[in-house]
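Trainee: Could you take me through the aromatic contacts here, with a close look at one pair and its surroundings?

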Amino acid sequence: MTDPYGRTDADVGPPASGAGRLALVTGATGYIGGRLVPELLRAGFRVRAMARHPDRLQGRDWFEDVEVVQADAQDADQIAAAMDGVDVAYYLIHSLGSGPTFEQRDRATARAFAVAAREAGVGRVVYLGGMHPESEELSPHLDSRREVGEILLASGVPTVVLQAAVIIGSGSASFEMMRYLTERLPAMVAPKWLNNRIQPIAVRDVLRYLVGAADIPRDVSRTFDIGGPDVLTYRQMMQRYAAVAGLPPRVIRTVPVLTPKLASLWVGLVTPVPGGLAKPLVESLIHEVVAKENDIRRYVPDPPEGLLGFDRAVEIALQRVREFEVATTWSSASPAHAPSDPLPDDPDWAGGSLYVDERETVVDADRDRLWEVIEGIGGAQGWYSWNLGWVARGVMDKLFGGPGLRRGRRHPHELQVGDALDWWRVEKIEEGHLLRLRAEMRLPGLAWLELVADQDDGRTLFRQRAIYHPHGLLGQAYWWAVYPFHGVVFGGMQRNIARAAEAPHDA
């Protein structure tokens, strides 16, 4: 029997020495945080998961096994309350791809966290940062992660800063960027720094180091480079990915003039990773990132079978993707620019105008079948109306820095609160009844889409509601500009979802 990271029971072994200590995990809705929580539970820790929106954790398998606290990392009082009684605090917060003020935000958040950890008497802080060269000018994002590590190390609390390069695992932004570039481009022109050396590491080993860092003696407070057993260029990584995936070798030609900005725009168009997130990932490839030391092994020894090699890490990641067992993805956390306020309970919206497109259809199918179609919407299945219009709007959204349609779905049939669904975010689910999506596309306002499977007097009803709250004159103009297309988009969606529910199940 294997766990989500390809380990057998023999590989995992008995729980580590958590011994009932309380671990605080920040960023629990994110890619690493969401995977770290079950690893800490397995190791015998009590876990307090911190999130700005705790409701997004409700679908996780471990939700009932942890204490969940609501806190914003920029609110000193909330952070202090979350630190109460904590033995080890994991700092997994960063503002990757969040706009021009990310450095100030990262700095302020790290300082607030450091002060709260010191005043609460936390025994250990653990931070996952980025590996970087010492004598080169760093990209703004890599430099900010270096600065965050230094702030935490200066906190007066024993701190371990783990510095990783490219993390290989199903759903990681780095892996998805490499995967889509390799799969979609059999031939490409690429920047010359694709020949720089990189030491990738499997997400399984990153998690093992994060858990093991809690047991490092308190008199040790420093950075540790962590990397896998292979040192490769990005070009070699793409070719080896192609070999593992059963693809022909890629044709790659490098040129000296492709800037990180141009490269990130291209990545944003070709892959699901939006340009704002692609840019810092691309900028990190400008540097050679190879571990300068392996001191972490003194405190967290390698497993008996050794660290996971690149090819095996890719093989496991692809297996998880194909089997729909991706626990978390890079899109698990909302981008910083995306709206996060839920739909207010007051339907009249005390804050101003509210536009609603509301439709209802009687469906000649049972409610369970209708719900099955509703829950399967988006991703490869599409949106059941005017595909060309959806694609065009998705491309436009990508060009303006939004997520577009390429985020797809975490799972083809199942949704949970907090899932990214193309340019939407799942805000609320009432199983078998209601799906509410909040738009994260670039809009001059806030938008939601509700799909409801209902039953009335023996009939199955499909209710659909699109809700829009405009921001200013531009928001008003946007609504009336797209209003003529509502019959095609929302009317078509209403009809086609109903037909799909009524069709024979095989169809």
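Mentor: Let's start with tyrosine 299, which is partly exposed at a relative accessible area of 30%; buried means under 20%, exposed over 50% and partly exposed in between, with a 1.4 Å probe and protein chains only. This is a predicted model, where local features need pLDDT of at least 70, side-chain atom pairs count only at pLDDT 80 or more, and totals for chains, interfaces and linings use all residues. Residues are numbered from 1 along each chain as its sequence is written, and side-chain values use heavy atoms, leaving out hydrogens and water.

A search of the whole structure gives 14 aromatic pairs. Rings of Phe, Tyr and Trp (its six-membered ring) pair if their centres lie within 6.5 Å; planes under 30 degrees apart count as stacked, over 60 as edge-to-face and the rest as tilted. Tyrosine 299 and phenylalanine 224 have ring centres 5.8 Å apart and planes at 75°, so they are edge-to-face. Phenylalanine 224 sits in strand 11 (residues 222-226) and tyrosine 299 in the loop between helix 10 (275-284) and helix 11 (310-322), so their pairing ties together parts 75 residues apart in sequence. Those elements are DSSP runs numbered from the N terminus: helices (H or I) of at least four residues, strands (E) of at least two.

Phenylalanine 224 itself is buried, with a relative accessible area of 0%. Arginine 222 lies over the face of phenylalanine 224, 4.2 Å from the ring centre; a charge sits over a ring if NZ of Lys or CZ of Arg is within 6 Å of the ring centre and within 35 degrees of the ring normal.
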